Each structure stands twice: as C-alpha cells, then as structure tokens.
Amino acid sequence: MSTRKLPSPYGDCCLQAVVHLVYTVLLLGPGDCVFADRPVFAVAPRPLSVSRGGSATFDCVATGSPNPSVSWTDSNNDVIINQGRFTIYPNNSLTISDVQDSDGGFVTCHAINSFGTNVASAALNVFSAARPVFTRTPEDKTVNLGLSVIFICEASGSPDPVLSWRKEGGELPAGRTEFISSGWMRILDIQQLDAGRYVCHAKNSVGSV
C-alpha cells in the first residue's frame, strides 16, 4: 500500500489519496499464450472538499485485458449502489448529491479482472458553508503627504473568503499600492489625489459583503 498526503485549503485537515495493488499469479502450461493485463487506472479519484448540501463527483477510469469491472465502496467498506443521492454513470464516475456529514471519509474505486485487482481511494471532506462576516473593519486614516498608510480588513467564512479593495469613484494608486496579506493594503508615498473612500469586499461561494 502506498499513501501520500495532499495539502488542504481547509485548516489542519489533511486529504489523502491511497492506492492499493493486488496481483494475481497465473500458471500457464507449455505452449500456452495469453495476452492480458491487470487493471491500471487511467484516471483515479481525487480528494474533494465540499460544503454540506453540495455535490461531489469522483472519476475512475480503468484499463486492462480483459476489461475490468468497476465498483465503489465507502469508508465502512460498504458497496455504493446507484440509487438515492448516489449516482454511478456509465463511465463509472460517482456523484454524491446533497452531501451530508456522514458522507465524509474515503470513497474507493475497485477495478477487477481475472488477472488482478487495483483500488484507489480519495478523501471527501464535508464542511459547513457560511457567508463572509467581517471580523475587523478598516478605520479612517489621516496621513501627511509623502508618508504611507495601511488599511486592515479581515473576515471569516466557509470556505475562507477572498478579500479585495477598491476606491470609490476612482482607481487604487497605480504603482504605490501593496497588499501585505489577505485584506491588508498599504499605499505608499501618499498624494493629495489619494484622498477618498476605500472599500473592502469579502466573497466566497456562499455570498459576499
């Protein structure tokens, strides 16, 4: 069994892809000739992170001779059948609709023919979706010409929101605007034309503020 950890954009959660190979030894008599291959994945399922109520699709394409049969199991090693929230397509892709917390864990694709078995697992991380909420809003600033100023904006949400800035009625100072980190904006060498109202936006797949 080989295991490799994959980075996750959701905190300390670690997604894993696991591949198992099982070999079959075939004994042939003198003069026998067999052209066959154990199953090999052309496309293996990949780990996903999905909000509760969303959908998750895992792809699985296997080749071999004879053509392998493909099936899916869940974290409890129960066979997933094509019904209810679970749809298995003719190309063997698996879609889970209206994802629930209980769906979290691993799904495993099994490819089997008479010369061997190949299985590949991918993690499904289920999280609660929440629209962005500001946890720190920018403050008004009074700055002398030629100096710099920092505006701070922070927000939470699930998935993590993307923060951006704009200036009402104009553009951010070209060549003098720096983004120190998410939501932190610095304007260098303040000029009279920089005066105005700067607005922070937070957006994720659920909503924006």
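The model is predicted, so local features need pLDDT of at least 70, side-chain atom pairs count only at pLDDT 80 or more, and totals for chains, interfaces and linings use all residues. Residues are numbered from 1 along each chain as its sequence is written, and side-chain values use heavy atoms, with hydrogens and water left out. As background, most residues other than glycine have a negative phi, and most peptide bonds are trans.

**Cis peptide bonds**

- Going from Ser-65 to Pro-66, you will find a cis peptide bond with omega near 0°.
- Pro-66 sits in the loop that links β6 (61-65) and β7 (69-73); strands here are DSSP runs of E with at least two residues, numbered from the N terminus.
- A cis peptide bond, again with omega near 0°, joins Ser-158 to Pro-159.
- The loop between β14 (154-158) and β15 (162-167) is where Pro-159 is found.

- Asn-77 is not a glycine, yet its phi is positive, near 65°.
- Look for Asn-92 in the loop between β8 and β9 (94-96).
- Asn-92 is partly exposed, its relative accessible area being 24%; partly exposed covers the range between buried, under 20%, and exposed.

Notes. Helix = DSSP H or I, 4+ residues; strand = E, 2+ residues; numbered from the N terminus. Buried < 20%, exposed > 50% of the residue type's maximum accessible area, 1.4 Å probe, protein only.
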